[in-house]
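Trainee: I'd like to learn how to read the place where two parts of a chain meet. Can you walk me through one?

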Amino acid sequence: KPGEQKHPKEPPSLQCMHLAVVACGDRLEETLIMLKSAVLFSSRRLCFHIFAEDSLKPEFETKLKEWPSSYTKKFESNIYPITFSVGNAQEWKKLFKPCAAQRLFLPVILKDVDSLLYVDTDVLFLRPIDDIWHLLREFNSTQLAAMAPEHEMPKIGWYSRFARHPYYGSTGLNSGVMLMNLTRIRSARFKNSLIPGGLTWEEMLYPLYQKYKNYITWGDQDLLNIIFYFNPECLYVFPCQWNYRPDHCMYGSNCRGAEEEGVSILHGNRGVYHDDKQPTFKALYEVIRDVNNLFQSLYYPLQSRFLDTVHTLCGRIPQVFLKQIEKTMKKVYENRVIVYLGANHKY
C-alpha cells in the first residue's frame with residue numbers, strides 16, 4: 001500500500017523451528033531434558049511452545065532462565081495453560097495420560113504458527129531438529145502431518161492384534177513425534193465416520209471422541225489413528241529412526257533405518273528413563289541430563305555407560321544409538337576448524 005513500510009523476508013537460516021510439548025504432573029524434568037537435547041543438537045533458532053499446568057509454569061520459567069547463555073541465545077519460549085476449545089475439558093484432560101489430548105488442539109490454539117513439531121516429554125533428540133524439519137518440504141500437495149508407524153511388524157504390533165477401532169495402515173501410528181503443517185490442517189476438510197460430508201479439524205474432534213471413547217485404549221493417539229484411517233492421503237509416514245522406542249530393539253532389532261543411519265529421535269516411552277528395564281535408554285537420558293557441552297562431554301561418557309548394557313538386547317547394538325551423535329559431533333568439529341582456519345589464514 002502507498003506509504004507502507006516494506007519489511008524484508010527473514011532468511012530461512014534465521015526462521016524459527018517451532019517445537020511443542022505438553023507437560024503435566026511430574027514431567028517437569030523430563031521435559032527440560034528433552035528441550036536441552038533439542039538445543040544441544042540444533043543449529044537454527046528454536047521456538048518452544050510449552051503447554052503446562054498452572055503449577056508448573058513458574059518452575060519452567062525459573063529453570064529455563066538458569067540455563068547458560070550458550071543455550072538461551074538459541075531459543076525463545078512461550079508457556080501456555082492447558083485449554084480445550086470444544087467438548088468437556090475434564091474429559092479431555094483425563095484421556096489417557098494427564099493433558100496428553102492437548103496436542104489435538106495445537107492447530108486451533110497456535111493460529112499464527114505455520115508448521116510445528118510436536119513431541120512427547122519422553123523424547124530425546126540425537127541429531128539436529130533441522131533434519132526432521134526439512135521433511136516438511138517432502139510433503140506432497142495433500143499431506144499435512146507426518147508420523148512413524150507404531151510398529152514395524154504386524155504380528156507383534158499392538159494395533160494389529162488388539163485394536164477395536166479403525167487405525168492407519170497395517171500397524172497403526174505412534175503420535176509421540178508428530179510433524180504438522182498447521183496451515184493445511186486448519187484449512188482442510190476431513191473425511192470421517194460421522195457425516196457424509198467433510199468436517200474441519202476442530203469440528204471433528206469431540207464427536208469423534210464421543211463415538212469411539214468406549215473402544216480406545218491410547219487416548220488421543222487412537223483418535224489420530226482413526227482420523228488418518230479415513231484420510232490416508234493426508235499423512236506422510238517417516239521411518240522408525242525418527243521415533244525409536246524400546247519395541248524396536250527389545251524383541252530383537254527391527255528398525256532397519258536405525259541400523260543403517262542410527263537413531264535420530266529416541267522415544268523412551270513406558271518410563272524406561274526412570275527404571276532399569278532398558279538401561280541403554282536410561283544411560284542416554286542421564287548423560288544428556290548431566291552434560292554441559294555437546295562437543296566436549298557427551299560421546300565418551302555414553303560409550304562408557306553402554307559397556308554396562310551389552311547384556312541387554314538393546315545394549316547389544318550401541319552403534320545404533322551412537323551413529324547420529326558421532327555424525328553431528330564430527331560436523332560441529334569440522335565447522336569449527338573451518339571457521340578457525342578461515343579467521344587465521346594469511347595469504
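Mentor: Let's begin with charges: a salt bridge is a side-chain nitrogen of Lys or Arg within 4 Å of a carboxyl oxygen of Asp or Glu. Between domain 1 and domain 2 the count is one salt bridge. Before going on, this is a predicted model, where local features need pLDDT of at least 70, side-chain atom pairs count only at pLDDT 80 or more, and totals for chains, interfaces and linings use all residues. Residues are numbered from 1 along each chain as its sequence is written, and side-chain values use heavy atoms, with hydrogens and water left out.

Trainee: Which side chains meet in a salt bridge at 4.0 Å, N to O?

Mentor: Those of Arg245 and Glu150. As for the domains, their bounds come from an automatic or database domain assignment; here that gives domain 1 (17-238) and domain 2 (241-342).

Trainee: How do I read the size of the interface?

Mentor: It is often given as the accessible area lost when the parts come together. Buried area is that loss for two parts, taken with a 1.4 Å probe and summed over both. Here domain 1 and domain 2 bury about 2700 Å² between them, with 62% of it from carbon and sulfur atoms. On the domain 1 side, Leu124, Leu126 and Arg127 lose the most area to domain 2, together 27% of what that side buries.

Trainee: And how many residue pairs are in polar contact between domain 1 and domain 2?

Mentor: A polar contact is a pair of N or O atoms within 3.5 Å; within protein, one must be able to donate a hydrogen and the other to accept it, and residues adjacent in sequence count only if both atoms are side-chain atoms. There are 17 such residue pairs between the two domains, both residues at pLDDT 80 or more.

Trainee: Now single residues. Is Thr312 buried or exposed?

Mentor: Buried means under 20% relative accessible area, exposed over 50%, and partly exposed in between (1.4 Å probe, protein chains only). Thr312 has 13%, so it's buried. Its side chain reaches the backbone nitrogen of Gly315 at 2.9 Å. Leaving aside neighbours within four places in sequence, Thr312 is in contact (heavy atoms within 4.5 Å) with Pro279 and Thr280.

Trainee: Why does Lys277 count as exposed?

Mentor: Because its relative accessibility is 65%. The C-alpha atoms of Lys277 and Met250 are separated by 9.8 Å, and the two residues are 27 residues apart along the chain.
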